Amino acid sequence: MRIENSKLRFFLPGIGIKRYILMIIIGVLLVIYSVFLFLVTITQNENFLSNSLYIGKYLDTPLKNLIVEIIALLLILTSFILIFFGISLLIKSITRALIPDKSDDEIMAMLFERKKDSLKKKIVNIGGGTGTTSVLEGLRGKFLKIAAVITVADSGGSSGRLRAELSIPPPGDIRNCLIALTEENSLARKILSYRFKAQSSCFDGHNLGNILIAGLTKITGDFSDAVIKLAKLLNVEGVVMPFTKEEAVLCAEFEDGTVVEGESEITESFKKIKRVFLKDPQIKPYLPALEYIKDADVIVLGPGSLFTSIIPPLLIPSIADTIRYSKATVVFIVNAMTEHGETDDFKASDHVKEIVKILGENVIDYAIVNTKQFSASSLEKYENSSSFPVEADLENIKKLNIKVITGDFATERGGLIRHDPVSIGEIIMKIAYKKV
């Protein structure tokens, strides 16, 4: 075998490591010899005193032992200097060979950042819609690694049009999550948020972020890869990914036996949902999403539309199994308001039970339930669309062996009731770092 192809190729000329390895070896040998000198001086073993390696053998003075000890101390000092500089220069030579375009300070900064990054808790949020964006907004900027596994079953608006015309997964919910992970007033946020308003144009109603994702999907040939590339391009903090790369068509069976397909069609039927299912039961999960879920410290389910955002990813058996057997703390955030056409008359425990039906018992560790009261003006608006505050029937959740965390986890913004990013972010941080 040629040395260029063997494990000894590091010793080829040019890398500059052999001299430092020799320094380290000499340093180690000096340490061993120093210890030998000390032991012989202390024990006065006759066999060693006459050994040719013992330097005291060649001295003829009453201070022989003292001189040997001083020599041993000097050798130890010398050996430490050789070992220290040998290791330091060896590391520098290797890193310069591997990363020639970085300075020492930059390499140290990279190592520090990598070490710091490894200490972060890993949070995975599963869902979609405005609930997920509230969670991601709350987690943004915290000492966490954030990933979002998003439902891509939207069939309306700009997303629905792109889905139908270009045969790509609907990008809307993914784009909203990317926005949530960008800084306020940043150019990235403005790019992702911009919506065309030109009635005579085919762009009318389309969102620039959706179009960018669609275009990158055509360029890369991969929807998920397109999202990751766009996130890197816009320096988005965190990872956003669909739960599947395949076309996921969500269907619902209602209590009256009728069946419809499509997210918008489900919610606009305004019937009591018996169950939801994926049109193609053989649909495969996006494998990196499984990896993120498997490695997570905390898995956050919701909040969001229960049947059309949170449950769809759980309908893929491998995703549900990965959550079940994960060592992560599993948290379910209960919606603050009922949703007409999905969760009419649902109490908090009814939301939880729908998840338990799929994942099984003893999987969810915490249920976060909002107990904040809302203003009469906001409630009146919601009542007009048959939406009401979710009743916090906490005892029924506790009977499911799930710990309940209550508090002011929702807020009113512009007449809309949404989960509060600040309080949600804080409670997830406490759960991640075992402070609840």
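Colleague: What should I know about the model before we start?

Modeller: It is a predicted model, in which local features need pLDDT of at least 70 and side-chain atom pairs count only at pLDDT 80 or more, while totals for chains, interfaces and linings use all residues. Residues are numbered from 1 along each chain as its sequence is written, and side-chain values use heavy atoms, with hydrogens and water left out.

Colleague: Where is T41, then?

Modeller: T41 sits in helix α1, residues 18–43, where helices are DSSP runs of H or I with at least four residues, strands are runs of E with at least two, and both are numbered from the N terminus.

Colleague: Is T41 buried or exposed?

Modeller: T41 is buried, with a relative accessible area of 6%; buried means under 20%, exposed over 50% and partly exposed in between, using a 1.4 Å probe and protein chains only.

Colleague: And which residues does T41 touch?

Modeller: Leaving aside residues up to four places away in sequence, T41 touches Y54, N65, V68 and E69, a contact being heavy atoms within 4.5 Å.

Colleague: Changing topic, at what angle do α7 and α9 pack?

Modeller: Helix α7 (residues 172–180) and helix α9 (residues 208–220) pack at about 110°, with their axes 9 Å apart. The axes are lines fitted to C-alpha atoms, for helices over the stretch in contact, and angles run from 0 to 180 degrees between N-to-C directions. That makes α7 roughly perpendicular to α9, since angles of 65 to 115 degrees count as roughly perpendicular, under 35 as roughly parallel, over 145 as roughly antiparallel and the rest as oblique.

Colleague: Which residues meet there?

Modeller: From α7, G172, I174, R175 and L178 meet G209, N210 and I213 of α9.

Colleague: How many disulfides are there?

Modeller: The structure holds zero disulfides, a disulfide being a pair of cysteine sulfur atoms within 2.5 Å. As for individual cysteines, C177 counts as buried at 0% relative accessibility, and C251 counts as buried at 4%.

Colleague: How many residues of α13 are buried?

Modeller: Nine of the nine residues of helix α13 (residues 306–314) are buried, so this helix is largely enclosed by the rest of the structure. Among them are F307, I310 and P313.

Colleague: Last one: where does K229 lie?

Modeller: K229 lies in helix α10, residues 223–233, and counts as partly exposed at 41% relative accessibility. K229 and T133 are 96 residues apart in sequence and 20 Å apart in space, C-alpha to C-alpha.
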